Amino acid sequence: MPLSPLDIHNKEFSKAFRGYQEDEVNEFLDQIIKDYEILLKEKKELEERLTQTDERVGHFTTIESTLQKSIVVAQEAAEEVRRNTQKEAKLIIREAEKNADRIVNESLTKARRIALEIEELKKQSKVFRNRFKMLVEAQLDLIETDDWETLMEYDIDTTNLDKLEEKKEVY
């Protein structure tokens, strides 16, 4: 156990013939006691500061560890979000491709149906045109027949008709 200032102060030396001067020794011992007390006080303060510093270092080490863990968790969360976003984007693209395929297929089906309808309408218009042409030609044949000329040759006496008309009014 180290000496305390009180140990130094209470130390008694035996007296011998031709020893040191007692006052000088006491004065030197007093100076040692003061210096030793200062050193002990400084040592205690330094130990307290060291303890506080160790506590702060421990606190900062804990904070650093917590921050590192938080960074790791944040990085993992960001990676998970990125993976989920990529999965969602792939799903959206797949769904869009399916919709695009469906729309294209519906359009092709509709285009085929319209093409068939157009072909049917062409056939019907050819039939109508042929029938109409035959009708017009038949009518032209009727107009060009001699029957018209024969009709124009008839001479009708309208005087008899006027008399009949008068008789009708009398009744």
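Buried means under 20% relative accessible area, exposed means over 50%, and partly exposed lies in between (1.4 Å probe, protein chains only). By that scale Phe-132 is partly exposed, because its relative accessible area is 46%. Phe-128 reaches 56% and so counts as exposed.

This is a predicted model: local features need pLDDT of at least 70, side-chain atom pairs count only at pLDDT 80 or more, and totals for chains, interfaces and linings use all residues. Residues are numbered from 1 along each chain as its sequence is written, and side-chain values use heavy atoms, without hydrogens and water.

The structure holds one aromatic pair. Phe-128 and Phe-132 form this stacked pair, at 5.9 Å centre to centre and 10° between the planes. Rings of Phe, Tyr and Trp (its six-membered ring) pair if their centres lie within 6.5 Å; planes under 30 degrees apart count as stacked, over 60 as edge-to-face and the rest as tilted. Both residues sit in helix 2, four residues apart, so about one helical turn separates them. Helices are DSSP runs (H or I, at least four residues), numbered from the N terminus.

Now the charges. A salt bridge puts a side-chain nitrogen of Lys or Arg within 4 Å of a carboxyl oxygen of Asp or Glu. The count is six. One of them joins Glu-47 and Lys-43 at 3.2 Å, N to O. Arg-82 meets Glu-79 at 2.2 Å. Arg-83 meets Glu-80 at 2.5 Å. Arg-83 and Glu-80 lie three residues apart in helix 2, about one turn. Shared partners join Glu-79, Glu-80, Arg-82 and Arg-83 into one salt-bridge network.

Conventions: Helices (H or I, at least four residues) and strands (E, at least two) are DSSP runs, numbered from the N terminus.
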